[in-house]
Each structure stands twice: as structure tokens, then as C-alpha cells.
Amino acid sequence: MSEIKLLDLARTHARYRAQIDAAIARVIDHGRFIIGPEVAELEAALSSFSGAPHTVCCANGTDALMLALMAIDIRPGDEVITSAFSFAAAAEVIALLGAIPVFVDVDPESFNIAPREVEAALTTKTRAIIPVGLFGQPAEMDSINQIAEQANAVVIEDAAQSFGASYRGRRSGALSALATTSFFPAKPLGCLGDGGAVFCSDRDVAQRIARLRLHGQSERFVHSEVGVNSRLDTLQAAVLLVKLPHYAHEIEARQRAAQRYDAMLSKLALATPKVANDRSSIWAQYCVRLQDRDRVQTVLQERGVQSAVYYPLPLHRQPAWQHVAVQAACPNADRLAAQLLALPFGADITAAEQQRVADALSAALTPR
Ligand SMILES: *Cc1c(COP(=O)(O)O)cnc(C)c1O
């Protein structure tokens, strides 16, 4: 029997292959590889999909976070509150700008930052809050927006894993003043390399982000402020324009696959992920909680089932920003880092493959 992959991108791309090839050929023909017409077209399409008034595409999801922080003038010594349990990008760019990452613990059910923890971490130096929609489910955005407003801080939703998920009738990406996403190939909406975007409610801020990604140029060769080079390739925009019209449908396929896992795994000695009633997940990952994670992962591997650990070392324990970060205990993040295991997943996973995963898990969890 063949191995069940964590993510089978080839299968997804096979479905759009002819359209992708044609889109790439069009870009080669027109030759405008940098900020070509497809980039603006994609920005408009992403705004209409998400409901975010303005979209500025950039080179990757990490730069998107950095551009958002630059656009609100984050300065050395400013504090930015973010999740202790996530991919490193937000923590990294906060530290890179000389600001102080303030890590708060997550809720053990949703894996997202808990509003009361955010509130407890506020100081007079708090300038921004970066909640993450981990594994595809948006955080408690309304409460976090409210807390931020009282503290005069800006909310930047890191929607790299949740872009497009629904939350009280709106979509992740359009839930706060600023939001970011990533088009890294393995993300729910991925391109064929690196890519990212910033979403924004304010037109002036959006225009500033558009300048910052182009070396801070206000016009050609006039640099009005220090920026970066963070453009989205026209080729990647062209690929995303092929995929975006199918994205809502792919999200539904992911949700059906998650429901199948929920049913198949309900009798096993593990905890399946929970989604709050007022929102949906787009299931960037399907992660289960296990008491004996590392042993179970070995059994799955022996049975030809790939799996992965997101994330083995929480951000408050990472060496890179130990010297700057505000230290606090994050026991839930520590526990999740020891217990979570991501199962094979994707819009194209079949029920038969999922059953094989469930059977392997069942074998691993049955006492011998
Ligand atoms: C992937 C990811 C990023 C960074 O995106 P890149 O495009 O790889 O730079 C940021 N935040 C989260 C939560 C991510 O999963």
C-alpha cells in the first residue's frame, strides 16, 4: 500500500494544471514580471472574496506582518502582544523591528489566544496585538478588537492559516484594522512559491504599505521613507487568479474531510479539534491531541501514514528572542507542543485514505 502523505499538492495542482499553464504562458508573453497587471487584478479579487476594503500583495506572509507593523510605525521598545503557540513569523518581525514580543498563552480547545490573557498583558507600551487563526479557526476577534480599542492598540490578524474562514458573518482577513496571509504552497490558498498579502480597512494605510513594499518609493526613484523589496511576482499572482475562484469550494471540501475525521476518530482515546459555533475553520491542519504523541507518531509511520508536529517548541521558549521577549508562563502552549499531531489532510484527501489513518491510530491506541 502506498504511503499516505501529510499533504498531496500534486493532486490539487493536477486539477488546475491546464489553466495554470495557460496563465503562466500569458505572463511570459506580456513580460511584465514585476507588478504586472495580474497583481492588481488579484488584489481586487482578494478584497472582494474576503470583504477587506484594501489588499496589498507582497513577497510572503512574514513580510506581510512586517509591512503591517511598519505601516503603523512600530518602533524600538514598543510592545506587541501575540500568541505563544504559532509559527515564528510574528515574533520574528516584532523582534526584527526592535519591538518587544509579549507572548500570551492560548486556549487549550481553540489553540488561539484567550482575550483575558491579552487583557492581562496590556501595558502603556502596548502598540499592537497579533492574534493568529491557528490551524484555520479565527481567534476571538471581536473581544480582541474591543480590548485593543480601549488600549489604543492596533489589531493585526495573522490569517496565514485561516484566510477566508467565517466569523460571525464575516471572513478572516476582514475582521480587524489589518490582517495578513501567506500563499506559501502548503497553506490553504497556496501559490507555486512564496507569496503573501496585507488586508487593510484604511485607504491611506494601504497606500503606505504599497509604497513600503516598493523600497518606500512615492514615485519612481524617489524614496520618501525606508522601505523593503517585497513584491509578489506576477507569475504567482497569475497562478493565484486561477486558484481563487475555486477556493470557497476547496474550503467546503476541507470541512467535509474534517467532519469525516471527527466521526471516524470519535471513539478513540484522543481529542479531536473543536470549532466554536460562531465561526468556521478552513482546516489548514487537522491536529489531534494525544497523551503519548511521539509513540503514536512512530506507529503511524510504520503503517505508512505521514504526520507532523506543529509546533514542537512554543515561541516563549525559542532562543532567538529570549533576550527581548516579555517572559510569562504559558502552560497550555507547553502542553499543546507535547501533545498535538497533524494528520494527513487536504481538499483532495479521500474517505478511504482517512479510514486508513483512523485504523492506524486505532491500532496505535489499542493496548497490546
Ligand atoms: C506560514 C505562516 C506565516 C508566514 O508565512 P510565509 O509566507 O512562510 O512567510 C506566518 N504566520 C503563520 C501563522 C503561518 O502559518
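Predicted model: local features only at pLDDT ≥ 70, side-chain atom pairs only at ≥ 80, totals over all residues.
View 1. Seven strands, in the order 1-9-8-5-4-2-3, form an open sheet with mixed pairing; strands are DSSP runs of E with at least two residues, helices are runs of H or I with at least four residues, and both are numbered from the N terminus. Two strands are taken to pair if DSSP finds at least two bridges between them. Strand 1 (54–58) and strand 3 (100–104) are at the edges, and because each has a single partner strand, one side of each is left without a neighbour in the sheet. From one strand to the next the twist averages 25°, where axes are lines fitted to C-alpha atoms, for helices over the stretch in contact, and angles run from 0 to 180 degrees between N-to-C directions.

**View 2. Strand 9 between strand 1 and strand 8.** Strand 9 pairs with strand 1 in the antiparallel sense over five bridges, and five bridges also join strand 8 to strand 9, again running antiparallel. Val198 of strand 9 is the bridge partner of Thr180. Five of the five residues of strand 9 are buried, that is, under 20% relative accessible area with a 1.4 Å probe and protein chains only, against over 50% for exposed and values in between for partly exposed. Gly196, Val198 and Cys200 point one way from the strand, while Ala197 and Phe199 point the other way. Helix 7 (residues 203–212) lies across strand 1, strand 8 (178–182) and strand 9 (196–200), and runs at about 15° to strand 1.

View 3. Strand 4 (residues 126–130) and strand 5 (residues 154–158) pair in the parallel sense over two bridges, with Ala128 standing opposite Val154 in strand 5. Helix 6 (residues 141–151) lies across both of these strands and runs at about 150° to strand 5.

**View 4. The kinked helix 1.** Helix 1 (residues 9–30) has a kink of about 70° centred on Tyr16, the bend at a residue being the angle between axes fitted to the seven residues ending there and the seven starting there. Tyr16 is itself among the buried residues of this helix, which also include His13, Ile20 and Val27. The buried residues of helix 1 pack against helix 2 (37–50), helix 8 (234–243) and helix 9 (247–265), contact meaning heavy atoms within 4.5 Å. Gly31, which follows helix 1, has a positive phi near 75°.

**View 5. An aromatic cluster and a charge over a ring.** Ring pairs link Phe49, Phe163, Phe199 and Tyr247 into a cluster; rings of Phe, Tyr and Trp (its six-membered ring) pair if their centres lie within 6.5 Å, and planes under 30 degrees apart count as stacked, over 60 as edge-to-face and the rest as tilted. The charged end of Arg171 sits over the ring of Phe49, 4.2 Å from its centre, a charge being counted if NZ of Lys or CZ of Arg is within 6 Å of the ring centre and within 35 degrees of the ring normal.

Methods
Residues numbered from 1 in each chain as written. Heavy atoms only, no water.
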